[in-house]
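Subject: Structure for your files

Hello,

Here is the structure I said I would pass on. My notes follow below it.

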Amino acid sequence: MTTEAFPDVQKITYQGIDGDRPLGFRRYDPERMIAGKSMRDHLRFASCYWHTMRNPLADPFGLGTSQTPWDDGTPSVENACRRVGVFFEFLEKIDIDFFCFHDRDIAPEGDDVAESERNLEAVVDTIESEMKSSGRRLLWGTACLFTHQRYASGAGTSPLVDVYCHAAAQTKAALEATHRLGGEGYVFWGGREGYGSLINTDMKRERRNLARLLHMAVDHKHRIGFKGQFYIEPKPKEPTTHQYDADAATCLNFLREFDLLEHFKLNIETNHAWLAGHTMEHELETAMDAGALGSIDANMGVWTNGWDTDNFPTDPILGAQIMRCVLKMGGFTTGGMNFDAKRRRESFQPLDLFHSHVAGMDAMAHGLEIAAKIEADGGIDRFIEARYASWDGDLGRRIAEGGSSLGELRDLAAAAGEPDLPSGRQEMLEGMFNRFL
Ligand code: XUL
Ligand code: CO
């Protein structure tokens with residue numbers, strides 16, 4: 001390692017719930033076995049390059065506050081490569097195995113497409129050698145199709161075909177970089193794929209063009225032999241007024257409508273679920289039901305303000321709700337738990353990068369412990385099974401298989417009279433959940 005950006009931080013380890021070291025895990029004990037797998041393998045934590053290395057912690061009312069003494073502030077490739085060394089030192093000390101990036105986080109945009117591609121390749125060289133020596137892995141890569149001014153009206157949904165070509169060029173290069181780095185997946189988050197107003201928008205054409213871009217990405221994936229999983233990341237609004245990937249159900253409909261479902265899963269983010277007016281569990285269940293739950297962007301919002309604040313997920317109850325879904329689907333395969341989360345503007349010191357990730361990792365690990373206990377107890381599952389048991393009888397099965405009719409069911413209802421209704425027992429079940437906190 002050529003840099004030492006965090007000389008005061010040693011590799012962070014498990015210290016137990018009563019540990020009083022400020023930088024030590026209290027819940028995340030990486031090699032501890034839970035429900036047949038180590039915590040490390042259940043959680044598959046990833047740190048994201050854009051927040052960890054590139055977020056200045058600015059807001060609309062003030063300049064960035066983040067202290068980055070290793071960064072000379074220039075858009076040079078040399079500076080970009082130095083940051084890579086810092087990032088891998090961070091990953092090693094925080095004990096996180098995976099990372100995620102956008103093309104423009106890791107490498108500066110050049111004056112033209114060819115120069116941008118060269119810059120990306122140069123930084124990918126450095127990342128590749130850091131990955132080899134450290135054993136860290138790429139969870140997913142993506143292309144930033146929303147920061148540059150040319151994408152003001154969208155990228156894959158731009159009214160201008162020339163802008164669309166730039167989006168295609170970036171997608172091609174980012175996909176190839178992800179392939180080269182052995183990425184387990186590739187994400188499409190539709191940054192500006194939506195509209196500010198319908199008054200100037202041909203929504204039908206924009207959605208078709210976006211689907212076409214995704215089809216071309218699928219073709220390119222096969223052409224280069226990339227075996228990673230493609231994901232779409234739902235989000236309802238911000239930066240646009242309405243994003244076409246509004247929520248999990250909308251994305252699934254889009255994928256089905258344009259014959260893309262077999263090629264994609266979803267990357268579900270808590271703060272985006274909340275912006276859509278859903279719980280995270282709702283989004284996870286919706287994706288899981290379609291066999292399309294792939295990966296998670298672990299963060300949370302602030303319930304009271306409704307913005308995409310990307311807080312670190314420090315709530316163990318949220319962690320338990322998420323991990324119940326992950327356990328239910330049998331665990332991650334290509335996916336993982338990517339901290340798409342940023343420190344607060346007041347947490348501007350390099351040390352806060354560690355504190356924020358430790359807090360997030362502990363909350364998710366605690367969530368895993370709680371979820372595993374709830375599953376082992378089985379009380380909630382048994383209740384649900386019993387609640388629907390009438391559907392397992394002859395009649396229920398026949399209806400589900402399409403073997404009945406309104407006429408037959410009318411006669412059965414008329415003969416049987418009013419059914420006995422059991423209680424839904426919501427509060428009792430919430431109490432069972434609380435038992436394991
Ligand atoms: C934006 C967001 C993105 C995606 C990757 O809200 O979540 O950072 O995760 O482009
Ligand atoms: Co995200």
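This is a predicted model: local features need pLDDT of at least 70, side-chain atom pairs count only at pLDDT 80 or more; totals for chains, interfaces and linings use all residues.

Together with Ile384 and Tyr388, Trp391 makes up a nonpolar patch on the surface. The accessible area of these three residues together is about 330 Å².

Now the interior. In soluble globular proteins, nonpolar side chains tend to be buried together. The largest nonpolar core here contains 95 residues, and Leu43, Ile322 and Met337 have the most contacts inside it. Helix H12 (residues 350-377) supplies the largest share of this core, with nine residues. Another core, of twelve residues, lies apart from that one; Ala46, Trp50, Cys100 and Trp189 are among its members.

Leaving out residues up to four places away in sequence, Met337 touches Leu43, Arg44, Phe45, Ala46, Leu139, Ile296, Ala298, Ile322, Met323, Phe332 and Met364.

Arg104 belongs to helix H4 (residues 103-106). The side chain of Arg104 makes a polar contact of 2.9 Å with the side chain of Glu109. With neighbours within four places in sequence set aside, the contacts of Arg104 are Arg54, Glu109, Ser116, Cys144 and Gln170.

Regards

Key: Residues are numbered from 1 along each chain as its sequence is written. Chains are lettered from A and ligands numbered from 1 in the order in which they are written. Side-chain values use heavy atoms; hydrogens and water are left out. Patches are made of residues with over 30% relative accessible area and no salt bridge: like charges are joined within 9 Å, nonpolar side chains (Val, Leu, Ile, Met, Phe, Trp, Tyr) within 5 Å. Accessible areas come from the Shrake-Rupley method with a 1.4 Å probe; for residues, only the protein chains shown count as cover. A salt bridge is a side-chain nitrogen of Lys or Arg within 4 Å of a carboxyl oxygen of Asp or Glu. A nonpolar core is a set of buried Ala, Val, Leu, Ile, Met, Phe, Trp, Tyr and Cys residues joined through side-chain atoms within 4.5 Å. Buried means under 20% relative accessible area, exposed over 50%, partly exposed in between (1.4 Å probe, protein chains only). Helices (H or I, at least four residues) and strands (E, at least two) are DSSP runs, numbered from the N terminus. Contact means heavy atoms within 4.5 Å. A polar contact is a pair of N or O atoms within 3.5 Å; within protein, one must be able to donate a hydrogen and the other to accept it, and residues adjacent in sequence count only if both atoms are side-chain atoms.
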